[in-house]
Structures are given as structure tokens and as C-alpha cells.
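Subject: Structure for you to look at

Dear colleague,

I am passing on the structure below, and after it you will find my notes on what turned up. Please read them with the coordinates open beside you.

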Amino acid sequence: MNTDTIIKIFDLMYLAGASKKKFIVYAINAITILFIAYFIFHATIGPSGLKKLFEIRKIVLNNKNKLAILNTENQTISRKIRALTEKSLDIDFLDEEARWSLGHIGSDETFFNRE
């Protein structure tokens, strides 16, 4: 229902003998309903509406999951770095990392790929 249709309805009401006061009341009611409908539409579907809120919540949840994975990787790398410091140098760990990086194993050793 567009604006022209509404105006025609009000004109017909006014011409049909409705009092001017009734016409004004109907006009105010119609404008109020359209005004409320406009804001309800934009509150639900608009660029800052509920639809956008649910989309943002989904993105936040995905980013929290990614953050948890990255924190786990960060802790693993931090443990490796602490194992390579001078105060707590772990010879076995250093040997394992060197062999893994360089790809050298002895003829009597078994190599297990950890990737």
C-alpha cells in the first residue's frame, strides 16, 4: 500500500461525510502505524538490527575458537623456547630438533614423521 492509495482512502472518507475530526484521527492513527512499522523493520533487518547482531555473534564465536587454537600453539612454542634456553638446556630435545630440522637419522634408527 503506497502513499497515494492511503491519500485516496482518506479523501473518500472525507468526501463520504465523515467528520473532519474523525478524518484527522484516522490520519494520525495511520501515520503512527506506518511510523512504528518503519522502526520495527529497521530494528530487525536494518544495518544495526537484530539480524546483524546475530551475524556478529557468529563471527565472535568463530574468532574465539581460532584464538583458542592459536593460544595452544603459542604455549607449545613457548615450551620449546624455554627448553632451548641456556639455564634449562635439554640435550635430548636439542638433538631431536636438530635431527628433525636437518633430516639426519642413523642407520639403526627409525624415523617417525610428526606432521
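Phe39 is partly exposed, its relative accessible area being 45%, where buried means under 20%, exposed over 50% and partly exposed in between, with a 1.4 Å probe and protein chains only. This is a predicted model, in which local features need pLDDT of at least 70 and side-chain atom pairs count only at pLDDT 80 or more, while totals for chains, interfaces and linings use all residues. Residues are numbered from 1 along each chain as its sequence is written, and side-chain values use heavy atoms, with hydrogens and water left out.

The ring of Phe39 forms an edge-to-face pair with that of Tyr38, the centres being 5.2 Å apart and the planes at 80°; rings of Phe, Tyr and Trp (its six-membered ring) pair if their centres lie within 6.5 Å, and planes under 30 degrees apart count as stacked, over 60 as edge-to-face and the rest as tilted. Tyr38 is itself partly exposed, at 47% relative accessible area.

A search of the whole structure gives two aromatic pairs. Phe35 and Phe39 make an edge-to-face pair, with 4.7 Å from centre to centre and 75° between the planes. Both of these residues belong to helix α2 (residues 20–45), where they are four residues apart, about one turn of the helix; helices (H or I, at least four residues) and strands (E, at least two) are DSSP runs, numbered from the N terminus. Phe35 counts as exposed, because its relative accessibility is 52%.

UniProt, in an unreviewed entry, lists residues 23–41 as "transmembrane region"; its positions are given in the numbering used here, feature names are shortened, and annotations may be inferred rather than shown by experiment. Over residues 23–41 the chain is 100% helix and 0% strand, with 27 Å between the end C-alpha atoms.

As for confidence, the mean pLDDT (the predictor's confidence in each residue, from 0 to 100) of the protein chain is 80, and 80% of its residues reach 70 or more. Where pLDDT is low, predicted coordinates should not be read in detail.
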